[in-house]
Each structure stands twice: as C-alpha cells, then as structure tokens.
Amino acid sequence: MKGKVLRFNKAERIAHWVHTVSFLTLLLTGLALFSMKLGNILGVSGIQTARMIHRFMAIPFAIGTPLVLLLGTPKSTFRWLKDVFTWDKDDVKFVMGFAREFFGLGAELPPQGKFNAGEKINSMLTIFGSIILAVTGLIMWQDHLFPREVVQWMYPIHDLFALVMGAVIIGHAYLALLHPGSKESINGMISGYVSEEFAKSHHEKWFMQEFNRDTGVDIKKSA
C-alpha cells in the first residue's frame, strides 16, 4: 500500500476491539448496577438483565483478549510487553512534555518507538487494571467461595479500578478520534496501516528500525 506502513496486524486489531467492546459494555452495565437512580429507572428486570450481560461480557474481557494475543500473534505480543516495560530518557522527556501536546498547546517531543511513552502508560494501566478487575469481579461473582471480609473489600477496589480505567479510555478515545496531532492512529486499529508521514513523525525510532528508513535520528544516542 503506497505511502502506508503496517503498524498492527489482524490479531492485534481483533484483540484491541474485543477488549474495547467488552470493557465499554462492562462499564455501562456496571454503572447500572452501581447507581441506585439508574437501577430504579431500569426496574427489577432491567437490573437483572444488566447483571446477566455484565457477567457474560466479563468472559471475553478476562479471557478473550489474552487468548487472541497469545495464540494469534505471540511474537508481537511479547515484543509489545517488552516495549511497554522498557523505558529510556526519551520516554521520560515525552511524558514531561505530553501535557502541552494533549491540550493542543504544542510541544517538541523526542522520537519514540512503536509505542510512545503515553501509550506505554496506557498499556500498563490496562494490563494491571484488567487483571485486578477480573480477579475482584470473579470473587464478587463467586462470593460463596471466599470469606465475607474478603468479598466486602472487593467491591470498592473493583469500583475504583473501573472508574480509573473508564477515565483512561476516555483520554485514549480523545487522542485516537479527535486530537488533530494523533487521530491518524485510529487507522492503525481499523485497517492496520498508518501513513508513512505519521509513522515518521510520531514513532520515528520504530519507523527507522522496522522499515530501514533513514530519518536522521541517531537511535543509539537517543536510547
């Protein structure tokens, strides 16, 4: 595809959308169970339906996404995990300047790999938040198997991480759909491809290494 580079393969895109759809469904049905006002609007049968959907969608959320990644694209999954937990001085500089970029004030950000420092933070919050939500949700669901004190602690922890991840996904959606400097990234999660110009300007280190293109950046010096 002329002028385009492949950023995400099919399995990566499927895993992303399985996680997105299942989490948003869990968030909405969870709000219905959490809020008394909303629960009263739905009525008894509405609450029961929300609870049933919530429990059903917990399965693709907790199991579906990891299975697609590990079975569909294990090599890129382990590379993603390695990238997310590997930081250099450019990542720190990126985080320090990102607030200005997020609010459209403009900032000179250092070159980044396939995942910039903001995406690394988002990935870490998603990984740990998903594990905590899955474990606390399972204990709440199968509460007869655990001590009462343990089950009681699971409710505030579950609610707290659901709200944190809800805030994270709102920021993520803003950057992917609306932010003028980064909305090109959504194409990578739809077709898999982004423009060479976007790859070069936003993920310069990855662009150079993956496609052997010279952009003038000294990778060893900037790492």
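The protein chain has a mean pLDDT of 90, and 94% of its residues reach 70 or more. Residues 219-223 form a stretch in which pLDDT stays under 50, although the model has twelve contacts for these residues beyond four places in sequence. Where pLDDT is low, the predicted coordinates should not be read in detail.

The unreviewed UniProt entry carries the annotation "transmembrane region" for residues 21-47, 53-72, 121-141 and 153-177. For two of these spans the modelled secondary structure can be set beside the record. Residues 53-72 are 100% helix and 0% strand, with the end C-alpha atoms 26 Å apart, and residues 153-177 are likewise 100% helix and 0% strand, with a distance of 36 Å between the end C-alpha atoms.

With ring centres required to lie within 6.5 Å of each other, the count of aromatic pairs comes to nine. The pair of Trp-206 and Phe-211 is edge-to-face, because the ring planes stand at 80 degrees, with the centres 5.3 Å apart, and the angle required for this class is over 60 degrees. Trp-206 counts as buried because its relative accessibility is 3%, whereas Phe-211, with a relative accessible area of 24%, is partly exposed. One aromatic cluster is made up of Phe-94, Phe-98, Phe-102, Phe-103 and Tyr-174. A contact of another kind involves Trp-87, over whose ring the charged end of Lys-120 sits, at 5.7 Å from the ring centre.

Ser-130 belongs to helix H5, which comprises residues 117-141, and it counts as buried because its relative accessibility of 15% falls under the 20% limit. The side chain of Ser-130 reaches the backbone oxygen of Thr-126 at a distance of 2.6 Å. When residues up to four places away in sequence are not counted, Ser-130 touches His-19, Phe-61, Leu-125 and Met-165.

Ser-182, by contrast, is placed in a loop, the one between helix H6 (148-177) and helix H7 (185-190). Despite this loop position, Ser-182 is buried, its relative accessible area being 14%. The contacts of Ser-182, leaving aside neighbours within four places in sequence, are with Leu-175, Phe-198 and His-202.

How values were computed
Residues are numbered from 1 along each chain as its sequence is written. Side-chain values use heavy atoms; hydrogens and water are left out. Rings of Phe, Tyr and Trp (its six-membered ring) pair if their centres lie within 6.5 Å; planes under 30 degrees apart count as stacked, over 60 as edge-to-face and the rest as tilted. Buried means under 20% relative accessible area, exposed over 50%, partly exposed in between (1.4 Å probe, protein chains only). A charge sits over a ring if NZ of Lys or CZ of Arg is within 6 Å of the ring centre and within 35 degrees of the ring normal. Helices (H or I, at least four residues) and strands (E, at least two) are DSSP runs, numbered from the N terminus. A polar contact is a pair of N or O atoms within 3.5 Å; within protein, one must be able to donate a hydrogen and the other to accept it, and residues adjacent in sequence count only if both atoms are side-chain atoms. Contact means heavy atoms within 4.5 Å. pLDDT is the predictor's confidence in each residue, from 0 to 100. UniProt positions are given in the numbering used here, feature names are shortened, and annotations may be inferred rather than shown by experiment.
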